[in-house]
Amino acid sequence: MVNRKVMGQIFSHLLLIFFSALFALPLFWLISTSLKPNSEIFIFPPRWIPSQPFWGHYRTAIEFIPFFRYLFNTLYICALSVVGSVVSCSLVAYGFSRIEWPERDALFMVLIATMMIPFAVTMIPLFIIFNRLRWINTFRPLIVPTYFAPAFYVFLLRQFFMTIPFELSDAARIDGASEFYIYRRIILPLAKPALAVVALFQFIGSWNDFLGPLIYLRSTEKYTLALGLQQFRSALLTEWGGLMAASTLVTLPIIVLFFFTQRTFIQGISLTGLKG
Amino acid sequence: MASAVVRKRRLQGLLFISPWLVGFLVFTLYPFVSSIYFSLTSYDVISPPEYIGLENYRNMMADPLVRKALYNTFYYAVFFIPLSTIWGICVALMLNLKVRGMTVYRTLFYIPSIVPIVASSMVWLWLLNPQYGIINGLIYLFFKVPGPGWITDPRLSKPSLILMGLWGIGQTALIYLASLQDVPESLYESAELDGANAFQKVIHVTIPMISPVILFNVIMGLIGTFQYFTQAYIMTGGGPADSTLFYALYLYNSAFRFFKMGYASAMAWLMFLVIFGLTVLTFSLSSRWVYYGGQAR
């Protein structure tokens with residue numbers, strides 16, 4: 001009996017090790033290639049680990065893409081979008097969950113329905129609007145919409161706000177507190193974990209976004225890292241070492257962020273999970 | 001009296017949701033409706049739009065590239081959605097095993113899904129490189145034959161992208177995992193008493209219990225497939241021989257490379273109608289296989 005259990009454990013580990021190795025392989029290969037001199041990249045059969053780490057490709061990457069300029073642009077967009085999403089979505093989620101009013105749930109269904117509209121459907125008129133506002137080639141089209149409560153984050157926050165006991169609000173109301181006071185002093189402090197989820201998801205969304213910057217940003221000094229990476233590839237097609245170094249530089253911050261915020265990620269996934 | 005209270009609450013509610021309400025009108029509803037108008041015009045952004053009736057729609061019907069793009073997109077959907085459902089559930093079942101060190105495994109499975117798509121596209125271009133890529137390297141190592149051209153081969157380009165998509169399944173798998181953990185243990189116990197083996201328990205207990213989440217993922221998968229853009233734009237640019245010209249990519253090209261905004265708007269509307277139709281179809285078929293606990297089917 002004990003033996004069978006031990007066998008089961010070993011089998012489970014073998015299964016998990018095999019498949020997680022498969023999942024990790026591409027990223028392993030990314031980093032390994034970025035640290036190899038060309039003489040070790042272009043050989044067949046491939047070599048797994050560089051004989052000694054070679055940093056030259058990182059220099060190429062940082063110099064070819066004005067890395068720190070693009071990093072600054074990306075972080076600027078990320079930071080302002082995070083503020084926008086957290087502030088606007090928490091206000092809207094409050095109105096959709098903590099106050100009772102007649103048309104509330106019908107309007108919330110409209111909000112849910114907007115999540116099903118593909119970006120491509122509104123992409124062209126949006127471009128035309130931003131073009132008329134002379135916002136093309138500025139960061140505004142990438143930032144301003146986040147101040148108008150992206151639907152998905154409103155949905156996440158509403159899910160969370162609904163779990164906060166309503167007695168807290170009622171007690172405060174009896175004491176004469178205004179709705180804004182309750183929002184600011186009671187709900188927001190209690191909702192910190194959910195606000196962190198929104199901040200994290202928006203940050204990663206802005207960092208990873210490609211289509212938005214591709215459409216709205218024209219001059220290279222406005223580029224984000226995602227666009228810079230594509231720029232590198234179209235200019236230096238066969239510089240695989242440099243391309244892998246640049247890809248590592250774009251990916252690494254996200255993975256580091258993930259390691260520091262794993263619990264927030266897990267929280268986010270459980271908030272996404274639909275119940276019933 | 002009561003109506004004064006109601007009025008006050010409504011005002012407060014509207015005040016709180018006003019950022020979304022304004023955003024909805026300006027960034028969603030207005031673009032949504034005006035794209036109907038633009039789809040009836042010829043418009044290159046520089047000169048003002050010119051009304052041409054249903055011309056764009058007629059041209060679309062005759063455009064072989066629209067047909068090709070629809071074919072490619074459906075091809076991707078037909079293979080990717082079922083495969084990602086099965087594979088996502090398999091990964092979730094693996095991650096639900098009771099072993100030590102599970103957090104490490106979960107991390108390894110999840111990380112690919114947060115890698116920026118631009119970066120993962122570059123990585124896969126390199127993995128799938130016919131000459132120096134590790135995948136063909138492994139094929140040679142094990143089978144002593146040269147591997148195929150992958151994304152440079154029109155027959156294998158779409159399967160290559162599907163393979164890459166299955167690598168990024170972590171997010172979906174964790175959503176399945178969360179729903180697996182909600183399945184009551186007692187159901188498995190009574191299945192065991194009835195003599196069910198592990199496989200039967202998955203088929204007859206797990207799948208029905210998580211079917212609402214499967215439905216959710218299938219619908220998100222449908223919408224996602226029609227938005228499939230970045231990977232194709234970066235890795236293949238639609239080639240070889242238009243074999244990876246997906247609908248969203250052709251739409252982007254029409255709008256921002258050829259500046260046919262009217263034509264692209266018509267394409268966007270066709271896309272919306274197709275997605276809408278498929279979603280309604282999926283929902284109406286879902287009553288046959290989706291089980292909502294505690295409710296009548």
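**Figure 1. The surroundings of A:Val154 in the predicted model.** In this predicted model, and leaving aside its neighbours within four places in sequence, A:Val154 is in contact with A:Cys89, A:Val92, A:Ala93, A:Phe96, A:Leu111 and A:Ala149, and also with B:Trp20 of the other chain. A:Val154 belongs to the largest nonpolar core, which has 136 residues, and is one of the members that touch the most others, together with A:Val92, A:Leu157, A:Val198, B:Ala248 and B:Leu251. The element that gives the most to this core is helix 4 of chain A, residues 67-97, with 10 residues.

**Figure 2. The contact between chain A and chain B.** Chain A brings 75 residues to this contact, and chain B brings 72 residues. On the side of chain B that touches chain A, the largest share comes from helix 1 of chain B (residues 2-38), which supplies 19 residues. Sorted by class, this side of chain B holds 57 nonpolar residues, 13 polar residues and 2 charged residues.

**Figure 3. Helix 13 of chain B.** This helix covers residues 261-286 of chain B, 26 residues in total, and the distance from its first C-alpha to its last is 37 Å, close to the 38 Å expected at 1.5 Å a residue.

**Figure 4. The fold of chain A.** The secondary structure of chain A consists of 15 helices and 0 strands, and its C-alpha trace spans about 75 × 75 × 30 Å along the principal axes. The radius of gyration of chain A is 24 Å, whereas a compact globule of 276 residues would have one near 19 Å. Of the 276 residues in chain A, 39% are buried, and among contacts between residues at least 6 apart in sequence, 77% join residues at least 24 apart.

**Figure 5. The fold of chain B.** Chain B contains 13 helices and 2 strands. Chain B is more spread out than a compact globule, because its radius of gyration of 24 Å is well over the 19 Å that the globule rule gives for 297 residues. Along the principal axes, the C-alpha trace of chain B spans about 80 × 70 × 35 Å. Buried residues account for 37% of the 297 residues in chain B, and of the contacts in this chain with a separation of 6 or more, 67% are between residues 24 or more positions apart.

Note on methods:
Residues numbered from 1 in each chain as written. Chains lettered and ligands numbered in written order. Predicted model: local features only at pLDDT ≥ 70, side-chain atom pairs only at ≥ 80, totals over all residues. Helix = DSSP H or I, 4+ residues; strand = E, 2+ residues; numbered from the N terminus. Rg over C-alpha atoms; globule rule 2.2 N^0.38 Å. Buried ≥ 20, exposed ≤ 12 C-beta atoms within 10 Å, placed from the backbone. Contact = placed C-beta atoms within 7 Å. Nonpolar A, V, L, I, M, F, W, Y, C, P; charged D, E, K, R; others polar. Expected span 1.5 Å × (residues − 1). Core = buried A, V, L, I, M, F, W, Y, C linked by C-beta atoms within 7 Å.
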